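Please read it with the sequence and the coordinates open beside you.

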Amino acid sequence: MGIDQHRLYAEATELSKSLPGAEVYSFAPGWEAARVCGKWFMLATVLEKERIVILKAAPEDAMALRQMYPEITAGYHMNKRHWITVRAGGGVSVTLLRELLTDSYRAVLGAIPRSRRPLGWERYLA
């Protein structure tokens, strides 16, 4: 069963808050963001009365996800190759959302020098 838009937003923001060194904040009216070491890995907003979550993804993964799930499209207001937009719907489960968000966090964390990574990062990058 798919996730509804209110749970999509709640799960994304709660999981983001639980990741080492992550902060969730509002940077503009109607926009929430999560970042680690100053780099965004999650954005959330309402687009045309629908809550959406925008996540970083490897280009090859982003393309495959867009082909597999109608609820996943190119990143809204972001680089279309490296970001995806996730909408609520039948194909998106809580488990999938958590995997996508954790992958987004890992992608950003992996680009940060080890000396700047937050305590506890080792669990997310093997």
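The points below go from the basis of the model to the sheet, its strand pairs, the helices and some single residues.

1. Basis of the reading. This is a predicted model, in which local features need pLDDT of at least 70 and side-chain atom pairs count only at pLDDT 80 or more, whereas totals for chains, interfaces and linings use all residues. Residues are numbered from 1 along each chain as its sequence is written, and side-chain values use heavy atoms, with hydrogens and water left out.

2. The sheet. An open sheet is formed by 6 strands in the order β1-β2-β3-β4-β6-β5, with antiparallel pairing. The edges are taken by β1 (22-28) and β5, each of which has a single partner strand, so one side of each is left without a neighbour in the sheet. From one strand to the next the twist averages 25°. As to the terms, strands (E, at least two residues) and helices (H or I, at least four residues) are DSSP runs numbered from the N terminus, and two strands pair if DSSP finds at least two bridges between them. In general, strands of a sheet pair through backbone hydrogen bonds, either parallel or antiparallel.

3. The β2-β3 hairpin. Strands β2 and β3 pair in the antiparallel sense over 6 bridges, and Val36 stands opposite Lys39 in β3. The two strands form a hairpin with 2 residues between them, and Cys37 in the turn has a positive phi of about 50°.

4. The β3-β4 hairpin. Strands β3 and β4 run antiparallel and are joined by 6 bridges, with Val53 in β4 as the bridge partner of Ala44. This hairpin also has 2 residues between its strands, and Glu48 takes a positive phi near 50° there. Glu48 lies in the loop between β3 (39-47) and β4 (50-56) and is exposed, with a relative accessible area of 76%; here exposed means over 50% relative accessible area, buried under 20% and partly exposed in between, for a 1.4 Å probe and protein chains only.

5. His77 is found in the loop between β5 (72-74) and β6 (83-87), and its phi, near 60°, is a positive value in a residue other than glycine. At 61% relative accessibility, His77 counts as exposed.

6. Strand β6 and its partners. On one side, β4 and β6 pair in the antiparallel sense over 5 bridges; Leu55 stands opposite Ile84 in β6, and the bridge partner of Lys56 is Trp83. With β5, which runs antiparallel to β6, there are 3 bridges, and Thr73 stands opposite Thr85 in β6. Of the 5 residues of β6, 4 are buried, so this strand is largely enclosed by the rest of the structure.

7. Helix α3 against the sheet. Helix α3 lies across β2 (31-36), β3, β4, β5 and β6, and runs at about 140° to β3. Axes are lines fitted to C-alpha atoms, for helices over the stretch in contact, and angles run from 0 to 180 degrees between N-to-C directions.

8. Helix α1 against helix α3. The axes of α1 (residues 5-18) and α3 (residues 94-110) come within 10 Å and cross at roughly 40°. That makes α1 oblique to α3, given that angles under 35 degrees count as roughly parallel, over 145 as roughly antiparallel, 65 to 115 as roughly perpendicular and the rest as oblique. The contact (heavy atoms within 4.5 Å) is made by Arg7, Leu8, Glu11, Ala12, Leu15 and Ser16 of α1 and by Val94, Leu97, Arg98, Leu101 and Thr102 of α3.

9. Two buried residues. Thr102, found in helix α3, counts as buried at 14% relative accessibility; leaving out residues up to four places away in sequence, Thr102 touches Leu15 and Tyr124. Trp31, placed in strand β2, counts as buried at 18% relative accessibility. With residues up to four places away in sequence again left out, Trp31 touches Tyr25, Ser26, Leu43, Ala44, Thr45, Ile54 and Tyr76. The C-alpha atoms of Trp31 and Leu97, which are 66 residues apart along the chain, are separated by 19 Å.
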